Amino acid sequence: MLAAALAFALAAAPVEVLVVVPLCDGARLACGNGALGDPRSLDGNLYWGARFGAERFLKNRSGITVTESRPGAAPVLRELHLVRRAAKGEREVRATLVAFDGERIDDALAYFIDAVRLRRADLVVWAGHDRLMDVAAPELERASRPASVVVLACESERYFGPTLDAIGARAVALTRTFMAPEGYLLDALLVNVARNGPDERELLRQALVGAYARWQKISTKSATTVFSRLE
């Protein structure tokens with residue numbers, strides 16, 4: 001009886017998701033004109049305040065409530081706290097999005113790796129430029145209980161995969177090609193986590209493929225090539 005009650009309580013507990021978003025830096029990437037590539041523009045940056053940016057897209061989605069938005073201490077520009085209400089058969093999802101100054105992407109990377117190693121959430125997500133394309137991966141020891149991880153960045157299986165393996169983290173979703181790490185993918189992720197928990201790889205992959213095909217206006221077959229099939 002006690003074991004059953006404990007299992008139910010754990011199953012019903014909210015899922016904690018932490019999303020690290022280094023803003024798009026036009027000095028490094030083709031972000032677009034004006035504020036799209038301004039690494040400190042919360043209102044207009046491609047990855048944060050633009051039409052498909054993380055904050056702008058998510059805060060307007062049905063079922064999602066912004067519970068807090070506060071400025072961060074440099075290099076963090078903003079912390080955004082969201083709750084996705086649980087429908088029948090779902091779990092509540094509590095998400096924290098951390099916007100980093102795009103010029104301080106190395107600080108964002110260090111923060112992300114620490115969050116994974118120290119399990120600061122059930123699921124830790126990187127959504128932005130694949131910095132490990134540009135710099136050598138850090139040498140890290142295995143963590144005792146790392147978080148599950150999603151990396152929405154170009155070719156993240158190739159560049160982030162070995163680092164995640166080295167610390168013993170379980171990658172739930174990675175990518176195989178160049179791609180756009182936009183807000184509709186985070187929305188699909190939160191919906192899937194609410195329904196299936198933070199560790200169902202294939203179900204999450206299907207959700208990301210569907211969202212990418214819809215919003216990029218490409219075929220499902222094409223979208224399928226973007227996301228890694230993890231065993």
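**Close-up 1. Helix 6 and helix 7, whose axes come within 9 Å and cross at roughly 150 degrees.** In this predicted model, helix 6 covers residues 183-196 and helix 7 covers residues 201-216. Because angles over 145 degrees count as roughly antiparallel, helix 6 is described as roughly antiparallel to helix 7, and the crossing of the two is right-handed. Helix 6 contributes Tyr 184, Leu 185, Ala 188, Leu 189, Asn 192 and Asn 196 to the contact, while the residues from helix 7 include Leu 203, Leu 204, Ala 207 and Trp 215. Sorted by kind, the residues of this contact comprise 11 nonpolar, 3 polar and no charged.

**Close-up 2. The salt bridge between Arg 61 and Asp 187.** The side chains of Arg 61 and Asp 187 meet with an N to O distance of 3.1 Å. Arg 61 lies in the loop between helix 2 (54-58) and strand 2 (64-71), whereas Asp 187 belongs to helix 6, so the pair ties together parts that are 126 residues apart in sequence. Arg 61 is partly exposed, with a relative accessible area of 27%, but Asp 187, at 12% relative accessibility, counts as buried.

**Close-up 3. Salt bridges of Glu 90 with Arg 84 and of Arg 104 with Asp 107.** In the pair formed by Glu 90 and Arg 84, the closest N and O atoms are 2.8 Å apart, and both residues are buried. In the pair formed by Arg 104 and Asp 107, the N to O distance is 2.5 Å; here Arg 104 is partly exposed at 35% relative accessible area, and Asp 107 is partly exposed at 33%.

**Close-up 4. A network of salt bridges linking Glu 16, Glu 92 and Arg 94.** Across the model, the count comes to 17 salt bridges.

Note on methods
Residues numbered from 1 in each chain as written. Predicted model: local features only at pLDDT ≥ 70, side-chain atom pairs only at ≥ 80, totals over all residues. Heavy atoms only, no water. Axes fitted to C-alpha atoms, helices over the stretch in contact; angles between N-to-C directions. Helix = DSSP H or I, 4+ residues; strand = E, 2+ residues; numbered from the N terminus. Parallel < 35°, antiparallel > 145°, perpendicular 65-115°, else oblique. Left-handed = near helix turned anticlockwise from the far one by under 90°. Contact = heavy atoms within 4.5 Å. Nonpolar A, V, L, I, M, F, W, Y, C, P; charged D, E, K, R; others polar. Salt bridge = Lys/Arg side-chain N within 4 Å of Asp/Glu carboxyl O. Buried < 20%, exposed > 50% of the residue type's maximum accessible area, 1.4 Å probe, protein only.
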